[in-house]
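Hi there,

Here is the structure I promised to pass on to you. Have a look at it first, and then read on for what turned up in it.

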Amino acid sequence: MEYKKIEDKIVFRLEMGEGLMESTQRISTAENVKLASINGIGACSKIEMGYIDLSIKEYVFKTFKGNLEILQATGNITLKDGEPFPHIHISVANEDCKAFGGHLNEAIISATFEGVMQIMDHEINREFNEDLGLALMNVCPIK
């Protein structure tokens with residue numbers, strides 16, 4: 001993994017075998033990121049992604065392996081329990097150039113991943129919502 005902070009952005013590149021979520025977490029922690037948007041492209045050999053099943057209030061994940069192009073990874077970084085929390089959705093294409101995507105749990109990079117974090121000078125925390133079973137961004141000001 002390589003990264004460089006340029007003003008309010010972090011430009012980063014991941015290498016073969018690195019995890020996208022794990023690496024994003026490490027960079028965010030090292031640079032004390034409390035709020036950012038994130039996007040990038042690349043390729044992966046294994047990915048676990050899914051969707052939220054509101055009937056059971058849990059994510060349902062599926063794992064895919066092969067030569068997968070990361071068409072777009074986009075999301076945000078906020079704070080959850082005081083730690084940077086990456087929340088990324090991703091779309092990939094398989095060897096037939098068929099695209100699919102979902103909520104990213106982890107992607108193991110094959111060739112590379114090239115990403116940018118746009119840091120915002122603010123702090124947003126996540127709070128657990130019982131009705132949905134999710135930790136949602138609390139964007140309301142404290143009263």
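F64 is partly exposed, with a relative accessible area of 28%, and F100 is also partly exposed, at 25% (the class between buried, under 20%, and exposed, over 50%, with a 1.4 Å probe and protein chains only). This is a predicted model, in which local features need pLDDT of at least 70 and side-chain atom pairs pLDDT 80 or more, while totals for chains, interfaces and linings use all residues. Residues are numbered from 1 along each chain as its sequence is written, and side-chain values use heavy atoms, without hydrogens and water.

The whole structure holds three aromatic pairs (Phe, Tyr or Trp rings, the six-membered one for Trp, with centres within 6.5 Å; planes under 30 degrees apart are stacked, over 60 edge-to-face, the rest tilted). One of them joins F12 and F113: it is tilted, with 5.9 Å between centres and 35 degrees between planes. F12 sits in strand β2 (residues 9-15) and F113 in strand β6 (residues 99-119), so this pair ties together parts 101 residues apart in sequence (strands are DSSP runs of E, at least two residues, numbered from the N terminus). Both F12 and F113 are buried.

F64 and F100 form another tilted pair, at 4.8 Å centre to centre and 55 degrees between the planes. Here F64 belongs to strand β4 (residues 58-80) and F100 to β6, 36 residues apart.

Finally, F113 touches residues including F12, L20, I41 and I70, leaving out those up to four places away in sequence (contact means heavy atoms within 4.5 Å).

Enjoy exploring!

Conventions
Helices (H or I, at least four residues) and strands (E, at least two) are DSSP runs, numbered from the N terminus.
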